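Please open the model in your viewer and keep the sequence panel at hand.

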Amino acid sequence: MLEYQCIPVGMFQSNTYLLRDVPSGALALVDCGFFNRPVREAVEAWGGDLRWILLTHGHFDHVMGVPDARCAYPAALTAIGEADADYLRGKIETLPGRVSRHQRPAEPDRLLMGGDEIILGESRISVLASPGHTPGGLCFFCGADRLLFSGDTLFHEEVGRVDLPGGDWDALLATLALLLALDGDIAVLPGHGKASGIAHERAFNPYAKEIG
Ligand SMILES: [Zn+2]
């Protein structure tokens, strides 16, 4: 069983999620826009056993805290979609020449693809490929707990932008079709803004119509 908390960080209020496998106390972060005091204190309050830093995609507002988190928790493994690894390495700028120039590069420990599985204590987290917002975007799905961490792919009644480098509208719509075909009782925990659910998005997401 997993429990989680959401900590919005930084100027874009990017959601950092802290997950805990309750039986073992093993922790994971989903995205890490900043590893600031609220995030650090949340990790410590939940026992400090950080095993994973799971990145939904490589945009700077989701990864800038990775070097600080790794410094504080050297045992934690950083994982990102293979096709987004060069964002983390600082080889692709999210917004060329702007805020992202403050990003410090980091080398991932694991390169993920759709179909991979992350083990967190007794919990299993499935990796879903979700290209569109970025080429190597991922969603993290905890089937036993009915939780989908959807990054910047699917928001409450919105989808991610595709006008940044690597964005692809057709790919995003194909990803949206796959996500909205998941069970309706699954909670959607996005990279920005409030939580939603698959059934709600099927009914109210304006882009659901575009996929038939
Ligand atoms: Zn993004």
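The model is predicted, so local features need pLDDT of at least 70 and side-chain atom pairs count only at pLDDT 80 or more, while totals for chains, interfaces and linings use all residues. Residues are numbered from 1 along each chain as its sequence is written, and side-chain values use heavy atoms, with hydrogens and water left out.

**First stop: the zinc site**

Select the zinc ion together with H57, H59, H133 and D152. The ion is coordinated by H57 (NE2), H59 (ND1), H133 (NE2) and D152 (OD), at 2.1 to 2.3 Å. Donors are N, O and S atoms within 2.8 Å of the metal (3.2 Å for Na, K and Ca); water is not among the atoms, so sites may look incomplete.

Now display the angles at the ion. Those among the four donor atoms span 85 to 169°, and the site is irregular. Four donors count as tetrahedral if all angles lie between 85 and 135 degrees; four count as square planar and six as octahedral if opposite donors are over 155 degrees apart and all others between 65 and 115; anything else is irregular.

In the sequence panel, the donor residues follow the spacing H-x1-H-x73-H-x18-D. H133 belongs to the loop between β8 (123-129) and β9 (138-142), and D152 to the loop between β10 (147-151) and β11 (154-155), so this pair ties together parts that are 19 residues apart in sequence. Strands (E, at least two residues) and helices (H or I, at least four) are DSSP runs, numbered from the N terminus.

Six strands form an open sheet with mixed pairing, in the order β7-β8-β9-β10-β13-β14. Its edge strands are β7 (117-120) and β14 (196-197), each of which pairs on one side only. Two strands pair if DSSP finds at least two bridges between them.

Select β10 and β13. These strands run parallel and are joined by four bridges; L147 stands opposite A187 in β13. Strand β13 (residues 187-190) pairs with β14 in the antiparallel sense over two bridges. A187 has G197 as its bridge partner in β14, and V188 has S196. β13 and β14 form a hairpin with five residues between them, and G193 in the turn has a positive phi of about 80°.

Move to strand β3 (residues 27-30). Both of its faces are covered: L27 and L29 on one side, and A28 and V30 on the other, are all buried.

Which strand pairs with β3 in the antiparallel sense? Strand β2 (residues 14-21) does so, over four bridges, and R20 has L27 as its bridge partner in β3. The two strands form a hairpin with five residues between them; G25 in the turn has a positive phi of about 80°.

Select strand β4 (residues 50-54) next. Four bridges join β3 to β4, and these strands run parallel; W52 in β4 is the bridge partner of A28. From β3 the chain crosses through helix α1 (residues 37-45) to β4, in a right-handed β-α-β crossover. Right-handed means that, with the strands pointing away from the viewer, the path from the first strand over the helix to the second runs clockwise.

**Last stop: salt bridges**

The structure holds eleven salt bridges, each being a side-chain nitrogen of Lys or Arg within 4 Å of a carboxyl oxygen of Asp or Glu.

- Select R51 and D49: their side chains meet in a salt bridge (2.8 Å, N to O). R51 is partly exposed at 34%, as is D49 at 28%.
- Select D109 and R70: their salt bridge is 3.2 Å, N to O. D109 lies in the loop between α4 (85-88) and β6 (110-112) and R70 in helix α3 (residues 66-72), so the pair ties together parts that are 39 residues apart in sequence. D109 is partly exposed at 36%, and R70 is partly exposed at 22%.
- Select D163 and R161: the closest N and O atoms of this salt bridge are 2.8 Å apart. D163 is exposed at 56%, whereas R161 is partly exposed at 45%.
- Select D86, R89 and E107: salt bridges that share partners join these residues into one network.

Methods:
Buried means under 20% relative accessible area, exposed over 50%, partly exposed in between (1.4 Å probe, protein chains only).
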